[in-house]
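The following exercises guide a reader through a protein chain. Each task is followed by a solution in steps.

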Amino acid sequence: MRSMAGGLLGGMAGALLFSSLGFGHGAGGFGGGIGLMDILLLGAILYGIYWFIKRRRQAATAMNAPMAYGSPDNRDAFNTDSYAPPIRDIPPAGYEAGDGLSAIRREDHSFDEKRFKDSVLDNFFSIQGAWANRDMSGVRNLLTDDMYKTIQQDADELRAKHRINKLDNIAVRSVEITESWQEGGRDFITVRFYANLLDYTVDEISGEVLAGSRKDPVKFVEFWTFARPSGNNPWRLSAIQQES
């Protein structure tokens with residue numbers, strides 16, 4: 001930019017000076033100074049150079065601007081060693097969200113929505129802790145058979161690779177029921193967890209951080225579906241889905 005603009009502007013200025021001294025056929029003639037057309041031409045050139053430089057600076061500023069927190073290139077809600085498969089029980093076609101809890105209460109008069117949410121929040125922390133220890137046996141009674149096998153298999157793979165997925169400083173911001181229904185003699189309730197935590201994976205031997213960050217917390221939203229045989233029976237985690 002320096003060489004191009006400098007050469008162009010210097011050459012034009014030299015030509016105009018040459019014309020003003022009478023060695024050309026400019027409007028000024030010998031001793032007549034720079035003519036009006038010469039001034040307009042020089043002004044147009046300077047204006048064009050000004051806009052060219054301004055556009056280049058604007059482009060450079062845009063490319064160097066920091067990414068906003070939470071943008072797709074900067075978001076890492078969970079790394080690839082996440083504890084949960086992206087599967088989910090789905091309510092039947094035509095179900096109404098408001099009907100599910102009423103149907104559950106008809107067969108279990110002791111069901112209380114607040115107590116249920118408190119209970120699944122406790123389960124949330126217990127399952128997270130078991131995952132970080134790579135041993136789901138302590139929460140076996142909180143998981144369906146399929147979920148236990150899936151999560152324990154993932155934990156075993158981490159252990160075989162000598163990796164530990166750390167989940168520290170978990171802060172749950174909200175717990176809300178988003179879906180509830182009955183099907184095939186079973187009750188289903190899906191809970192939306194909105195939380196943030198420190199999520200990182202370390203090498204078990206060296207302690208080196210392989211993914212995530214020890215310092216930068218991440219936010220995430222997950223939907224946990226709990227199931228049980230209809231009636232006053234214990235709930236078990238049957239599926240997990242992360243929000244896109």
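**Exercise 1: The surroundings of R228**

Leaving aside residues up to four places away in sequence, R228 touches I104, D108, F111, R186, D187, N233, P234 and W235. The model is a predicted one.

Task: Determine in which element R228 lies, and whether R228 is buried or exposed.

Solution. Step one is to locate the residue: R228 belongs to strand 4, which covers residues 218-229. Step two is to consider its accessibility, for which the cut-off for a buried residue is under 20% relative accessible area. R228 has a relative accessibility of 3% and therefore counts as buried. Step three is to return to the contacts, which include R186 and D187. Strand 2 comprises residues 186-203.

**Exercise 2: The pairing of strand 1 and strand 2**

Task: State in which direction strand 1 and strand 2 run, and how many bridges join them.

Solution. Strand 1 spans residues 163-183 and strand 2 spans residues 186-203. The two strands run antiparallel and are joined by 17 bridges. Their hairpin has 2 residues between the strands, and G184 there adopts a positive phi near 60°.

Task: Identify the residue that stands opposite N165, and describe its setting.

Solution. The residue opposite N165 is T201, in strand 2. The side chains of T201 and N165 are also joined by a polar contact of 3.3 Å. Finally, the relative accessible area of T201 is 2%, so T201 is buried.

**Exercise 3: A patch on the surface**

Task: Name the residues that make a nonpolar surface patch of about 350 Å², and classify M37 as buried or exposed.

Solution. The patch is made by L36, M37 and L40. Of these residues, M37 is found in helix 2, which runs over residues 36-64. An exposed residue has over 50% relative accessible area. Because M37 reaches 57% relative accessibility, M37 counts as exposed.

**Exercise 4: The chain as a whole**

Task: Describe the order of helices and strands along the sequence, and give the share of buried residues.

Solution. The chain contains 5 helices and 5 strands. Along the sequence they follow the pattern α-α-α-α-α-β-β-β-β-β. Of the 244 residues, 34% are buried. The accessible surface amounts to about 14500 Å², and carbon and sulfur atoms account for 55% of this surface. Among contacts with a separation of 6 or more, 64% are between residues 24 or more positions apart.

Methods:
Residues numbered from 1 in each chain as written. Predicted model: local features only at pLDDT ≥ 70, side-chain atom pairs only at ≥ 80, totals over all residues. Heavy atoms only, no water. Patch = residues over 30% accessible without salt bridge, like charges linked within 9 Å, V, L, I, M, F, W, Y side chains within 5 Å. Areas by Shrake-Rupley, 256 points an atom, 1.4 Å probe, with all protein chains shown as cover. Salt bridge = Lys/Arg side-chain N within 4 Å of Asp/Glu carboxyl O. Helix = DSSP H or I, 4+ residues; strand = E, 2+ residues; numbered from the N terminus. Buried < 20%, exposed > 50% of the residue type's maximum accessible area, 1.4 Å probe, protein only. Contact = heavy atoms within 4.5 Å. Pairing = 2+ DSSP bridges. Polar contact = N/O pair within 3.5 Å; in protein donor to acceptor, adjacent residues only side chain to side chain.
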